[in-house]
Amino acid sequence: MSKALAHDQRYQGDQRDEYGDQGASYGRVKGDGLDTTHGAILYLEEVTVSFDGFKALNNLSLDISVGELRCIIGPNGAGKTTMMDVITGKTRPSSGTAFFGQTMDLSKMTEYEIADAGIGRKFQRPTVFEQHTVFENLELAMKMDKRVKPTLFSSLSSEQKGKIDEILKLIRLNGQEIRPAGLLSHGQKQWLEIGMLLMQEPQLILLDEPVAGMSDAETARTAELLNELRGKHSIMVVEHDMGFVTEIAQQGKVTVLHEGSVLAQGTMQQVQAHERVIEVYLGR
Ligand SMILES: Nc1ncnc2c1ncn2[C@@H]1O[C@H](COP(=O)(O)OP(=O)(O)OP(=O)(O)O)[C@@H](O)[C@H]1O
Ligand SMILES: [Mg+2]
């Protein structure tokens, strides 16, 4: 068992109050008040989103298991980003339900409450603090987490430093900690933002086109990074880069969205062989 994993297990359960002092590894598959007794962390049921009569999501049903890494693919306009907007409370469904675990009705929560409950989202464009160093960005992300005791003007505990170091290695930016984030490459900024997300220990992570604009080498390293995160969080990744999706999907489920609903679902191999999927997306 890896050290990180052993660490995770020790800190599962309600550690809210102690968190700031004791620190924890970056994994948080399941914790704090989230009821996942039926094995899923996210349930979308018959979700419809209408924009002036146009259905961006059309009776979409989908669920994500605890610890799963789910890839979502599909043509432009299929509703992938809209689905993430519904999950994060940015867009309200016209009908249908979205639940985080068994009991948290996302349609009744604000965007802030949803983030606080443990759903973290990374948008396509990186939004790091360019003037601050890589280390400071991670530190700021940790201090924005309200489970951490206020330490804005105090120095970091060794546990907190340890956690930042762990994340730095994971996002391939160790050795770069004193560089201003504004000087990083596009890919490195994306990794830093993933690191900032991880500092807040989300249980469910949503990544919308994480490798868009990255070099081939950066894309390959991002696939490695996600493969390292597998099982430590529940993760939903939207991507158009099929080489990347193949790398991270492995034998897991891939969902194909089309016109606001699920067109196909299965292993990458299965969806790649699916006639309609080839017709509307892969064969283009
Ligand atoms: N706020 C909005 N108002 C009106 N139409 C919208 C709005 N947001 C999205 N749409 C429409 O809903 C559809 C789904 O858009 P969405 O951005 O979810 O697609 P996507 O699958 O993420 O596509 P892409 O792969 O290009 O990112 C599109 O036709 C889009 O134009
Ligand atoms: Mg999109």
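1. Strand 1 and strand 2 run antiparallel and are joined by eight bridges. Please keep in mind throughout that this is a predicted model.

2. Staying with this hairpin, two residues lie between strand 1 and strand 2, and Asp 52 there takes a positive phi near 50 degrees. That may be a handy spot to look at in your viewer. Strand 5 is joined to strand 4 (residues 95-100) by two bridges in the antiparallel sense, and Phe 99 has Asp 105 as its bridge partner in strand 5.

3. Six strands make up an open sheet with mixed pairing, in the order 6-7-8-3-9-10. Strand 6 (119-122) and strand 10 (261-266) each have a single partner strand, so one side of each is left without a neighbour in the sheet. On average, neighbouring strands here are turned by 20 degrees against each other, direction ignored.

4. Ile 205 stands opposite Ile 235 of strand 8. Helix 9 (residues 242-249) packs on this sheet, where it touches strand 3, strand 8 and strand 9. The direction of helix 9 makes about 155 degrees with that of strand 3.

5. Helix 3 deserves a point of its own. In the six-stranded sheet, helix 3 lies across strand 3 (69-73), strand 6, strand 7, strand 8 and strand 9 (254-258), and runs at about 150 degrees to strand 7.

6. What surrounds ligand 1? The shell consists of Phe 51, Ala 56, Gly 74, Asn 76, Gly 77, Ala 78, Gly 79, Lys 80, Thr 81 and Thr 82. By class, the shell divides into six polar residues, three nonpolar and one charged. Helix 3 (residues 80-87) supplies the largest share of this shell, with three residues.

7. The largest nonpolar core has 68 residues, and Ile 87, Leu 192, Val 237 and Val 256 have the most contacts inside it. Helix 7 (residues 186-199) gives the most to this core, with seven residues. Leaving aside residues up to four places away in sequence, Val 237 touches Cys 71, Ile 72, Leu 207, Pro 210, Leu 226 and Ile 248. As general background, nonpolar side chains tend to be buried together in soluble globular proteins.

8. Finally, some totals for the chain. There are eleven helices and ten strands. Of the 284 residues, 41% are buried. Among contacts with a separation of 6 or more, 66% are between residues 24 or more positions apart.

Definitions and conventions
Residues numbered from 1 in each chain as written. Chains lettered and ligands numbered in written order. Predicted model: local features only at pLDDT ≥ 70, side-chain atom pairs only at ≥ 80, totals over all residues. Core = buried A, V, L, I, M, F, W, Y, C linked by C-beta atoms within 7 Å. Buried ≥ 20, exposed ≤ 12 C-beta atoms within 10 Å, placed from the backbone. Helix = DSSP H or I, 4+ residues; strand = E, 2+ residues; numbered from the N terminus. Contact = placed C-beta atoms within 7 Å. Near = placed C-beta within 6 Å. Nonpolar A, V, L, I, M, F, W, Y, C, P; charged D, E, K, R; others polar. Pairing = 2+ DSSP bridges. Axes fitted to C-alpha atoms, helices over the stretch in contact; angles between N-to-C directions.
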